[in-house]
Amino acid sequence: MTLKLYDEPMSMPPYTVMCYTAGCPNLAAFKVAARWNDGLTQELKTYFLSCAACVPQLYPLAVAKRAACHLGPGESLDAPGVYELHRGDRDKQLKRRPELEKK
Ligand SMILES: [Zn+2]
């Protein structure tokens, strides 16, 4: 029995995410998300990942989704924000882009 050794690159392949818009061929560059809080924990609730071109059409959808979200007692959900998406970054390091948050 022999073991076949594959010549694998040491580095991981780049982690890429596509824009959420159906048929859009671009990579996502922004995250449309809202901060959710129940008084104990807070997290960033992601609605969409979007390329720069699709933010204007995806952001209003996130606003509509947020408006339709029913919150339990003590829960709060901020208005959706547009955040720059950087590979490997944690949510806390995301840079918000308020100028892109237009309805
Ligand atoms: Zn797109």
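Trp 36 stands opposite Leu 77 in S3. That pair is my way in.

First, the ground rules. This is a predicted model, where local features need pLDDT of at least 70, side-chain atom pairs count only at pLDDT 80 or more, and totals for chains, interfaces and linings use all residues. Residues are numbered from 1 along each chain as its sequence is written.

Confidence next. pLDDT is the predictor's confidence in each residue, from 0 to 100. The chain averages 85, and 79% of its residues reach 70 or more. Among the elements, helix H1 (residues 55-67) has the highest mean, 96. Strand S2 (residues 42-50) has the lowest, 93.

Now the layout. The chain holds 1 helix and 4 strands. Both kinds of element are DSSP runs, numbered from the N terminus: H or I with at least four residues for helices, E with at least two for strands. From the N terminus, the order is β-β-α-β-β.

Which strands does S1 pair with? Pairing here takes at least two DSSP bridges between two strands. S1 joins S2 through 8 bridges, antiparallel. S1 joins S4 through 4 bridges, also running antiparallel. With strand S3 (residues 76-77), S1 pairs in the antiparallel sense over 2 bridges.

Phe 30 has Ser 50 as its bridge partner in S2, and Glu 84 as its partner in S4. The hairpin of S1 and S2 has 4 residues between the strands. There, Gly 39 takes a positive phi near 95°.

Stay in S1 for Arg 35. Strand S1 covers residues 30-37, and Arg 35 is found in it. Is Arg 35 buried, partly exposed or exposed? The cut-offs count other C-beta atoms within 10 Å of a residue's own, with C-beta atoms placed from the backbone: 20 or more is buried, 12 or fewer is exposed, and in between is partly exposed. Arg 35 is partly exposed, because it has 15 C-beta neighbours inside 10 Å. Contact means C-beta atoms, placed from the backbone, within 7 Å. Beyond four places in sequence, Arg 35 is in contact with Gln 42, Leu 44 and Asp 78. Ser 76 is 41 residues from Arg 35 in sequence, yet 8.2 Å from it in space, C-alpha to C-alpha.

Compare Ala 28, in the segment before S1. Ala 28 counts as buried because it has 21 C-beta neighbours inside 10 Å. Leu 49 is 21 residues from Ala 28 along the chain, and their C-alpha atoms are separated by 5.6 Å. Leaving out residues up to four places away, Ala 28 touches several others, including Val 17, Cys 51 and Leu 85.

On to the helix. H1 has 13 residues and reaches 18 Å from first C-alpha to last, close to the expected 18 Å. That expected span is 1.5 Å times one less than the number of residues. Which residues of H1 are buried? They are Val 55, Leu 58, Tyr 59 and Ala 62. Seen down the axis of H1, these buried residues fall within an arc of 105°, so they line one face of the helix. The arc is taken over the directions from the helix axis to the C-beta atoms. The face turned away carries the exposed residues Gln 57 and Ala 67. The buried residues of H1 pack against S1, S2 and strand S4 (81-84).

That brings us to the core. A nonpolar core is a set of buried Ala, Val, Leu, Ile, Met, Phe, Trp, Tyr and Cys residues joined through C-beta atoms within 7 Å. The largest has 18 residues, and Phe 30, Val 32 and Leu 58 touch the most other members. S1, S2, H1 and S4 each supply at least two residues of this core.

Whole-chain numbers to finish. Of the 103 residues, 21% count as buried. Among contacts between residues at least 6 apart in sequence, 52% join residues at least 24 apart.

Definitions and conventions:
Contact = placed C-beta atoms within 7 Å.
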